[in-house]
Amino acid sequence: SKAAQDAEAIIRAEKCLEVALLFETYERLMASRDMIDFGDLVAQPVRLVETDPEVRDALRARHKHVLVDEYQDVNRASVRLLKAIVGDGQNLWVVGDSRQSIYRFRGASATNMAQFAVDFPGAQTRPLCVNYRSTQQVIDVFTAFAGTMKASAGALPLRLTAHREPSNAVTEFRVVGTTDDEISAIAAAIQAQQDAGVPYRKQALLCASNARLSNIAEGLEARGIPVLHLGSIFERPEIKDLLALLSMLADPYAVGLIRAATMSAHPMPLQDVMQIVAHLRESGAAALDWKQAGTRLALTADSATALGRIASLFDGVNPTGNPWTILTTLVIDRIGLAKAVHLADDPQSRMKGLALWQFLNFCRRQPSGAGIPSVRMLDRIRRLVLLSEDRGLRHLPAVAEGIDAVRLMTIHASKGLEFDTVHIPGMVTSGLPRNNMTPRCIPPDGLIHGSSSLTGLEAVKAGHDEEEECLFFVALSRARNQLVLYASSVQSDGKRRNPSKFIPAIDHLVVRPQNPLQRKRAESGATAIRIAWEEKPIWTDGEVNLFDRCPRRFLYTHVLKLGGRRTETAFMKMHNVVSDVFDWLKTVHETTDPSEIELGARFEEAWQVKGAVDHGYAEDYRRIGRRLVDYLIETRRSGIRSPVTPISLGWAEGDIFVKPDGVAKGERGQVVVRRVKTGKPRSNAFDDIEYTILHLAAVQTYGGQAQVEVTYLTSETTEPMSISAKKLETRRQKVQDIVRSVRSGDFPPKIEARTCPRCPSFFICGDLPDGPVTLKKVDPPFRS
């Protein structure tokens, strides 16, 4: 409806105003400190040249002729700078291809190519007709795709002739089953090329983003294919080993032991590691007390020896010392990692050496600040990974060029490069092109250059679609001799996956091998943990929801009970205060209401203990937190409240205990089962497994007419849960599968770029120590 559209437009406008206010404040703070950022490096020269005739004349006198390569990659500010320097452009010569415009994220746009004659009236345009890189077979493929591209509108026709002789190689599109099969097919094709005389180093695998590269790199190495790919430095196994060891300097519970115990020099069984961590927690240990744990516990002789070896790594180490000094001592002297890498000559070891070199260089220069240096650096690493600010560390030094390994990189990184054979995986729906997601803050209409007839949202979406086409064109045109495209046809849930919508444009030029060869990974040991449960395990709905988000984090937190340190922001502390007050309400005032004085006193008590009392905006957070509590009180007044009794859902493999946040009778006499969230709703919130569990519990206890409602304090809304019978059955089966997976010891990690760096177990996540464990669920999650 028009009213709904107007409401959405108002929200978008308010977001834009908030961003504008934030940017204005940021600019003012920068100016007050005489600081500039990357944007200023672009904008300030433009303003200077456009407003200062003396500077402009000096530049024009110095630069008699100007040549611009890759003109499709310039942004509007660069065009303005260019116009100020060259005037009418009589001595300007540019080269560009609008079909290769792939840097929209930094302001580049193919519209600058289309507008060249407008910016420089009288410009002459000439096509380049000879391609010196690719064979005609490859040229024909990317030319056919170019004919369907949005960026081709208004551009010169692409009529290229190969300077090289034709070859017998044909473009292949290899379609297999799962994504793991896809990696096996890639490995087989790479090895076939190597056997046919194309060295690993002259082959490249290109992806649209970094998201899948690390997974493919690990998969190829497991299949015996050497790869040149650092990926995220801090998530490489050899670097995580060092970070886990470093964390043990300040962590009194030595959770890093669970990773240290997997290292070949000092292996320990999982049961003994759990025993040590539990002892440290129960005894309230201080930092480095874990070094003496072997003398206080009944460990096996081998475990005591291994713990002693780990402890010896830290002999003479200052816990508050420079992390670089500590880590270089470990790498060079204590662990012997540097020597082992130096003596090895295989590509995988050389990549490990490059990763260590990059990592130690990073550690050498750390900003100063308060607190223990090692803890400060670990926190900084979390932030860098979370914000993808570690990308600079992924760049390989020039010495890596001599390694005979397949080059793995993003399509952006491949720009300007060429390879004998190019492999392009992920040619499926949502793979390439990637999904066209609506940005959280849509730019105002007309803000994006060249989009005068479009709304801000339309301009963003059109730009995305155009750039995805350009990415595929760039990937195709990197190949000299051979293109091999790959797709998986089956999703993780068994449903069919469709090929990319880019394929039809080139389908007549590609060959689809039947049953493509696959190079399977070497057999690895069992990944499940051997758990002996002394009692039938019992979990809460919240714990099961954590398993659904990441089984491995569930393992670390609720099965192994490692806990872990999590840095809390002021925002998180504010929500913790609200949750604390709510827990008090459920305990002391389950069916009654507190007085204003009592509520205020309880809130202040929680705020002083858990709130961000020392934060610069403490009063703002305190005010928001109190408003959330007040709204919570308002919502509790609807209906007639009843005492809440924990509900048990049982399976042979384990039970799930559910305790609603409230139960009341509605106006029509129906039972309303409530859940309260301190945040705001997501569009797919009811897809979370905890709501299915709550629904099953409500129906089991109060009958099929019971209604589940979820209140969101931040948005001040309450939403009734609705679910179809088919979806409910699917999710009920999923809950049972989770209970069975826990019982069988199956806890695979679920890698998520936005959540993993925030996880307390980020630095220890990986392989687990060997050996069975015996577990006992001592207390039920809730007590009446």
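Partly exposed means a relative accessible area between the buried limit, under 20%, and the exposed limit, over 50%. Ser388 has 33% relative accessibility, so Ser388 counts as partly exposed. The model discussed here is predicted.

## Backbone exceptions

Ser388 stands out in its backbone. Its phi is positive, about 60°, although Ser388 is not a glycine. The residue is found in the loop between helix 17 (373-386) and strand 8 (406-410).

Glu716 is another such case. Its phi is positive at about 55°, and Glu716 is not a glycine. It lies in the loop between strand 19 (707-712) and strand 20 (717-720). Glu716 counts as partly exposed because its relative accessibility is 32%.

Lys561 also has a positive phi, near 55°, and follows helix 21.

Pro433 lies in the loop between strand 9 (419-424) and helix 19 (456-476).

Helix 21 is largely enclosed by the rest of the structure, because 7 of its 9 residues are buried. The buried residues are Pro551, Arg552, Phe554, Leu555, Tyr556, His558 and Val559.

The structure has 17 aromatic pairs. One of them joins Trp539 and Phe554 edge-to-face, at 5.0 Å centre to centre and with 65° between the planes. This pair links distant parts of the chain: Trp539 sits in strand 13 (residues 538-540) and Phe554 in helix 21 (residues 551-559), 15 residues apart. Why does the pair count as edge-to-face? The planes are 65° apart, and an angle over 60 degrees counts as edge-to-face, so the pair falls in that class.

Are Trp539 and Phe554 buried or exposed? Both are buried. They also belong to one aromatic cluster, formed by Trp533, Trp539, Phe547, Phe554 and Phe747.

## Salt bridges

The whole structure holds 45 salt bridges. Three of them are set out here.

| Salt bridge | N to O distance |
|---|---|
| Glu172 and Arg174 | 2.7 Å |
| Lys586 and Asp661 | 3.0 Å |
| Arg622 and Glu604 | 2.3 Å |

Glu172 and Arg174 meet through their side chains. Both residues are buried.

Lys586 and Asp661 form a salt bridge at 3.0 Å, N to O. Lys586 lies in helix 22 (residues 570-588), and Asp661 in the loop between strand 16 (654-658) and strand 17 (662-665), so the pair ties together parts that are 75 residues apart in sequence. Lys586 counts as partly exposed because its relative accessibility is 28%. Asp661 has a relative accessible area of 15%, so Asp661 is buried.

In the salt bridge of Arg622 and Glu604, the closest N and O atoms are 2.3 Å apart. This pair also links distant parts of the chain: Arg622 is in helix 24 (residues 618-636) and Glu604 in helix 23 (residues 596-610), 18 residues apart. Arg622 is partly exposed, with a relative accessible area of 24%. Glu604 is partly exposed too, at 26% relative accessibility.

## Surface patches

Lys680 is found in the loop between strand 18 (671-677) and helix 25 (689-702). Lys680 counts as exposed because its relative accessibility is 62%.

The other patch is nonpolar. Ile36, Phe38 and Leu41 make up this surface patch, with about 360 Å² of accessible area together. Leu41 lies in helix 2 (residues 38-51).

Notes
Residues numbered from 1 in each chain as written. Predicted model: local features only at pLDDT ≥ 70, side-chain atom pairs only at ≥ 80, totals over all residues. Heavy atoms only, no water. Helix = DSSP H or I, 4+ residues; strand = E, 2+ residues; numbered from the N terminus. Buried < 20%, exposed > 50% of the residue type's maximum accessible area, 1.4 Å probe, protein only. Phe/Tyr/Trp six-rings, centres within 6.5 Å; stacked < 30°, edge-to-face > 60°. Salt bridge = Lys/Arg side-chain N within 4 Å of Asp/Glu carboxyl O. Patch = residues over 30% accessible without salt bridge, like charges linked within 9 Å, V, L, I, M, F, W, Y side chains within 5 Å. Areas by Shrake-Rupley, 256 points an atom, 1.4 Å probe, with all protein chains shown as cover.
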